[in-house]
Amino acid sequence: MTLKPHEQDLLNRVETGIGVGGTWATSSSGATFTVEDPATGLVIKTIADATVDDAIRALDSAVAAQQEWAETPSRLRSDILRRAFDLLMDRKEEFALLIALEMGKPIAEARGEVVYGGEFLRWYSEEAVRVSGDYRRNPEGSGNITVSHLPVGPCYFITPWNFPLAMATRKIAPALAAGCTTIIKPAELTPLTTIYLVQLLEEAGLPPGVVNVVPTSNPSAQSSALLSDPRLRKLSFTGSTAVGVKLLEAAAQNVLRTSMELGGNAPFLVFEDADIDRAVDGVMLAKFRNIGQACTAANRILVHDSVADEFVRRVSERVAALKIGRGADEGYDIGALVDKKAIAKTEGLVADAVDTGAEIVTGGQAIVGPGNFFQPTVIDKIGPEARMVNEEIFGPVLAITRFSSEDEAVHIANNTEYGLVSYVYTENVGRSQRMIEKLQTGMMGLNTGLVSNAAAPFGGIKHSGIGREGGFEGIREFLSTKYTLTPR
């Protein structure tokens, strides 16, 4: 299989180099790595593989640009972000296609990611001019207190492969609005969308050195070098909890500000009084969005005994009807998983669930042939000993556990080290309020399967992370608080 002409034309416009200080250059070692379409295994681009020296050069650039960018009037920073949003919306189809090509998600979902990612540019273009402080007399009456909020300084961003545009804009936009310069390391599986975004930011008028991009196949060495440099002042990471813990340990050596959006194990609770039609619609969205490859994906579907059979029947019919195919082509609901490791993990989790007593209702198999495809799957009667109860599935597998009481449902939902998001379906107002108070997650969807919004604070508790991205809270992660006392 070969690329279509319009696909190749788009890929030809994506830079192949490392973006530092407003220029694009080859790696200092001359090394490269390849990017593949997970739906075909076809190599779609070869790009420069940044070395540690390249990463330090990117930090040099960010440090050199920091003061001038911090002193740039907030209205000018706002205007650049707004132009970037407008350009992105003009090129929505290009970015959607690029996402589908390198990540594998269906093109319709990729369009949704572009809109979602663009909203961070628009939201923080508006927030850039609203950074405020405080001025008041101290209680003793002997002086005046001034509280200022200032940019934290150069930031290092590590983004995941599953939302290559939205995870970049969710970090870059508030940093730029706050007056911080940045270095971004995109996931090695999906670097092209981020590179193309940085090209767009430059076109929108972003000064050289404010955003630098260093794709690499050796992220641990790059991160170690940057985190040990005292000039870096902020780390933001989205990815697994295991990697996040190691990064936190490294960041502690220079007492860096950190934002960590880590793993999830989202419970999706369907109570006996739920609107089953809405619950089925919600679980299809919460589970199969991005082929299940999302930290917010519903991982444990908890259904009351009295409605479980009906719920399983309806959801299985919907899942069995999903269309599977190459994400870059129109008309498919389920694209390819990102790589062969994802297929192997999903196969292992399904086999373990069956071995521990669960029942496959539909699907359950990898699809033989080119590409990394796995049948959308429903598994019923998952027991507490199954691995997928404690591990993120990160694939198109809907795993159902039955419960008999509200207390049991809450216990199962909270019985995890993670606490990113939960979903609750109930028509009972009192129960809704109890779930808000009792479920140990940083976010909750009440009778909805989608919570992500640029205007809302995204983040978790427990092992799911530190800090928030999006909303009013998002820009605060990039501002330090300074108190000044002036005697009267």
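Author: Strands here are DSSP runs of E, at least two residues long, just as helices are runs of H or I with at least four, and the numbering goes from the N terminus. Two strands count as paired if DSSP finds at least two bridges between them. In general, the strands of a sheet pair through backbone hydrogen bonds, either parallel or antiparallel.

Before going on, keep in mind that this is a predicted model, where local features need pLDDT of at least 70 and side-chain atom pairs count only at pLDDT 80 or more, while totals for chains, interfaces and linings use all residues. Residues are numbered from 1 along each chain as its sequence is written, and side-chain values use heavy atoms, with hydrogens and water left out.

Back to β16: look for I301, which sits opposite I400 in β16. Strand β15 (residues 377–380) pairs with β16 too, in the parallel sense, over three bridges. There, T377 has V397 of β16 as its bridge partner.

So how enclosed is strand β16 (residues 397–403)? Six of its seven residues are buried, so β16 is largely enclosed by the rest of the structure. Buried means under 20% relative accessible area, exposed is over 50%, and partly exposed lies in between (1.4 Å probe, protein chains only).
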